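Subject: Structure handover

Hello,

Here is the structure I promised to pass on. Please open it alongside this note, which walks through what I found.

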Amino acid sequence: MLAKLGRKMGTSSQFGVLLLSIGLLLVTACAFTANEVNALTAFKEAIYEDPFLVLSNWNNLDSDPCDWSGISCSMARDHVIKINISWASLKGFIASELHNLVYLQELILHGNLLIGTIPKEIGLLKNLKVLDLGVNQLTGPIPSELGNLTTIMKINLQSNGLTGRLPPELGSLKYLEELRLDRNKLQGTVPASNSSDFSGNVHGMYMSNVQPTGLCRSQLRIADFSYNFFIGSIPKCLGYLPRFNFRGNCLEDKDPKQRPSMQCGGTPTPRSHPAVSNKHRAAEDDSKHHASTSRPAWLLILEIVTGVMVGVLFLVALFTALQKCKNKSSIIIPWKKSASEKECMAVYIDSEMLKDVMKYSRQELEVACEDFSNIIGSSPDSHVYKGTLKGGPEIAVISLCVKEEHWTGFLELYYQKEVADLARLNHENAGKLLGYCRESSPFTRMLIFEYASNGTLYEHLHYGEGCQLSWTRRMKIIIGIAKGLTYLHTELDPPFTISELNSNAVYLTEDFSPKLVDFESWKNILSRSEKNSGNISNEGAICVLPNALEARHLDIQGNIYAFGVLLLEIVSGRPPYCEDKGRLVDWAKEYLEVPEVMSYVVDPELKHFRYEDLKVICEVVSTCVQPSSKNCRSSMKDLCEMLESGIDTSISVELKASSLAWAELALSS
């Protein structure tokens with residue numbers, strides 16, 4: 001009995017010790033988590049403007065921040081390992097308290113409006129692998145403490161206002177593979193040994209008897225130093241990098257285009273001139289003085305008159321050149337009008353960007369569009385005209401509604417990028433850009449597309465005759481849209497997405513083949529100008545397009561969701577939203593997955609449809625719009641394969657059940 005009691009007591013004591021250990025662990029974890037929550041709270045408090053309410057669910061009373069926007073935690077949900085808040089237009093400072101997130105591996109705050117300096121305490125994040133503070137408004141020097149980030153692999157500080165010298169301590173980061181410092185105001189030399197004993201290879205590694213210094217010790221694969229104020233020469237050990245990654249500086253190497261000498265503090269003194277003694281210089285000055293005093297008066301008058309005439313001729317030539325520049329594409333354009341002419345700014349434009357795109361004159365388009373009287377679409381941002389080119393195809397011309405005084409250098413750069421991006425689309429289900437129009441008198445910015453003669457899909461679904469869009473024709477349109485999106489998302493590099501994918505973005509040709517056209521891209525141009533124009537410094541320096549806007553905004557998952565809504569709109573004939581029934585997706589949910597009522601989704605005007613096709617459509621719609629699958633939706637390639645393999649678009653199927661199909665066959669033949 002006593003033995004049994006002893007065993008029970010022993011078991012109880014072991015169990016108690018176990019509970020105590022677990023309790024201690026939980027207390028420790030909670031205490032550490034509280035420390036991290038405090039760090040995140042300090043970050044939020046340093047942000048004074050959050051227009052998209054990204055930080056709205058950051059509640060400091062919540063001891064578990066793992067579900068906060070932009071926060072990723074470890075598998076055990078006990079440490080924050082990633083902060084990713086990009087393109088949120090956050091205004092504020094970077095809190096130094098972030099160094100308390102000691103397990104943080106990625107800090108990504110790309111494309112916001114953060115100001116102030118980079119806290120030196122960031123250097124305490126020993127587990128940090130990615131630091132991306134690019135495209136903000138940060139100022140001051142790069143802290144040398146970043147050289148303590150021993151595990152860092154990527155540093156992106158591009159498109160800020162950083163000044164001072166580049167810390168040589170960055171060379172001690174042996175795992176650093178990517179360093180982007182372009183478009184700042186950094187000065188001094190690039191800290192790396194320039195010894196001729198070094199010879200770089202494609203991975204940045206080299207053999208030498210001399211100990212390498214600075215960035216020569218790193219393993220950089222990608223590095224961009226362009227558009228700063230670096231001086232000296234390009235280090236030989238970084239010679240494997242593309243030359244254009246050093247352009248826009250004050251380097252001695254003239255291979256990549258460098259800044260004019262006046263932006264680099266004047267003309268540098270000659271490097272190889274023998275020293276001139278004070279005695280010799282004094283003798284020179286003395287001889288010049290005697291020469292000037294011995295000149296006759298008439299010669300002096302002649303020199304003055306000649307100087308005035310040369311000055312007048314120079315001013316006339318300069319004025320003529322400026323007048324010509326107004327009518328031609330220039331590499332440098334005015335950034336904005338300023339109260340002081342001395343504060344004038346300029347923007348570099350890539351003159352090669354539009355070299356392969358056809359340019360039309362406004363006069364040509366006026367004639368083609370009957371003096372711009374044939375309006376086929378209108379919005380607050382743009383007008384769409386229909387026209388016919390002389391001896392050419394029918395065209396749709398989009399004209400941007402913006403006043404010249406509101407047109408900034410930022411907008412001009414984005415406009416040109418948009419034209420170049422649209423021009424690369426080449427697919428039977430994507431609208432073909434024929435060219436652009438860019439003139440200053442009168443101010444004009446237009447895009448010219450090939451016209452699809454049957455109007456928009458929206459018009460046919462909601463204002464046209466239902467018989468024109470039979471089931472088979474709708475299925476062909478769906479597969480055509482899927483093919484077009486597959487091309488844009490997966491076959492283009494970089495990918496391309498439609499700004500607002502809906503039935504108004506789908507134009508139909510004479511044989512009802514769909515063409516995806518991104519007419520809404522103008523809204524992006526204007527909104528991004530308002531959102532990002534603050535990223536450009538106004539201190540009189542040469543400004544360039546930030547990398548943030550060099551790439552078109554990609555929303556592939558948004559396109560896939562919109563594709564699901566578009567499928568519902570096509571098969572049901574209902575608009576995406578109406579006041580009496582609300583959102584189309586909400587209305588259709590109760591029918592999508594129940595075979596007995598699935599047919600209620602179909603447009604009542606359709607007298608015939610294939611149930612097998614409908615099942616495939618509903619399956620694809622569910623995949624696109626279900627919130628549970630938001631982060632793991634199938635790609636457009638997968639969805640297109642599902643549609644192509646599951647839908648029968650042969651006309652023979654419909655001929656058996658619908659006499660209207662004969663009329664469709666006659667129209668399409």
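The accessible surface of the protein chain comes to about 35400 Å². Carbon and sulfur atoms account for 55% of that surface. Please keep in mind that this is a predicted model.

The chain has 669 residues, and 44% of them are buried. It holds 14 helices and 25 strands. Now take the contacts with a separation of 6 or more: 59% of these join residues 24 or more positions apart.

**Two helix pairs**

Start with α7 and α12. Helix α7 covers residues 471–491, and helix α12 covers residues 636–646. Their axes come within 9 Å and cross at roughly 155°. Angles over 145 degrees count as roughly antiparallel, so that is how α7 and α12 run relative to each other. Their crossing is left-handed.

From α7, pick Ile478, Ile479, Ala482, Lys483, Leu485, Thr486, His489 and Thr490. They meet Met636, Lys637, Cys640, Leu643 and Glu644 of α12. By type, this contact has 7 nonpolar, 3 polar and 3 charged residues.

The other pair is α9 and α10. Helix α9 spans residues 556–572, and helix α10 spans residues 584–592. Their axes are 11 Å apart, and the packing angle is about 75°. The range from 65 to 115 degrees counts as roughly perpendicular, so α9 and α10 fall in that class.

On the α9 side, the contact uses Tyr561, Val565, Leu568, Glu569 and Ser572. On the α10 side, it uses Leu584, Val585, Trp587, Ala588 and Leu592. The contact of α9 with α10 divides into 8 nonpolar residues, 1 polar and 1 charged.

**Around α7**

Arginine 474 also belongs to helix α7. Its relative accessibility is 2%, so arginine 474 counts as buried. Threonine 649 is 175 residues away from arginine 474 in sequence. In space, their C-alpha atoms are 9.3 Å apart.

Proline 494 sits in the loop between α7 and β22, a strand of residues 506–508.

**Around β20**

There is another cis peptide bond to look at, joining serine 441 and proline 442. Omega is about -5° there. Proline 442 lies in the loop between β20 and β21, the latter being residues 443–450.

Glycine 431 is in the loop that runs between α5 (409–423) and β20 (433–440). Is glycine 431 buried or exposed? The cut-off for buried is under 20% relative accessible area. Glycine 431 has 7% relative accessibility, so it counts as buried.

What does glycine 431 touch, leaving out residues up to four places away in sequence? The contacts are Phe449, Lys515, Leu516 and Val517. Valine 506 is 75 residues from glycine 431 along the chain. The C-alpha atoms of glycine 431 and valine 506 are separated by 8.9 Å.

**Positive phi values**

Valine 135 is not a glycine, yet its phi is positive, at about 60°. Look for valine 135 in the loop between β7 (130–132) and β8 (139–140). With 0% relative accessibility, valine 135 counts as buried.

Tyrosine 227 also deserves a look. Its phi is near 55°, a positive value in a residue other than glycine. Tyrosine 227 is in the loop between β13 (222–224) and β14 (229–231). At 16% relative accessibility, tyrosine 227 counts as buried.

Arginine 259 is 32 residues from tyrosine 227 in sequence. C-alpha to C-alpha, arginine 259 and tyrosine 227 are 8.3 Å apart. Arginine 259 is placed in the loop between β14 and α2, a helix of residues 278–293. Arginine 259 counts as buried too, with 8% relative accessibility.

Best wishes

Notes:
Residues numbered from 1 in each chain as written. Predicted model: local features only at pLDDT ≥ 70, side-chain atom pairs only at ≥ 80, totals over all residues. Heavy atoms only, no water. Helix = DSSP H or I, 4+ residues; strand = E, 2+ residues; numbered from the N terminus. Buried < 20%, exposed > 50% of the residue type's maximum accessible area, 1.4 Å probe, protein only. Contact = heavy atoms within 4.5 Å. Areas by Shrake-Rupley, 256 points an atom, 1.4 Å probe, with all protein chains shown as cover. Axes fitted to C-alpha atoms, helices over the stretch in contact; angles between N-to-C directions. Parallel < 35°, antiparallel > 145°, perpendicular 65-115°, else oblique. Left-handed = near helix turned anticlockwise from the far one by under 90°. Nonpolar A, V, L, I, M, F, W, Y, C, P; charged D, E, K, R; others polar.
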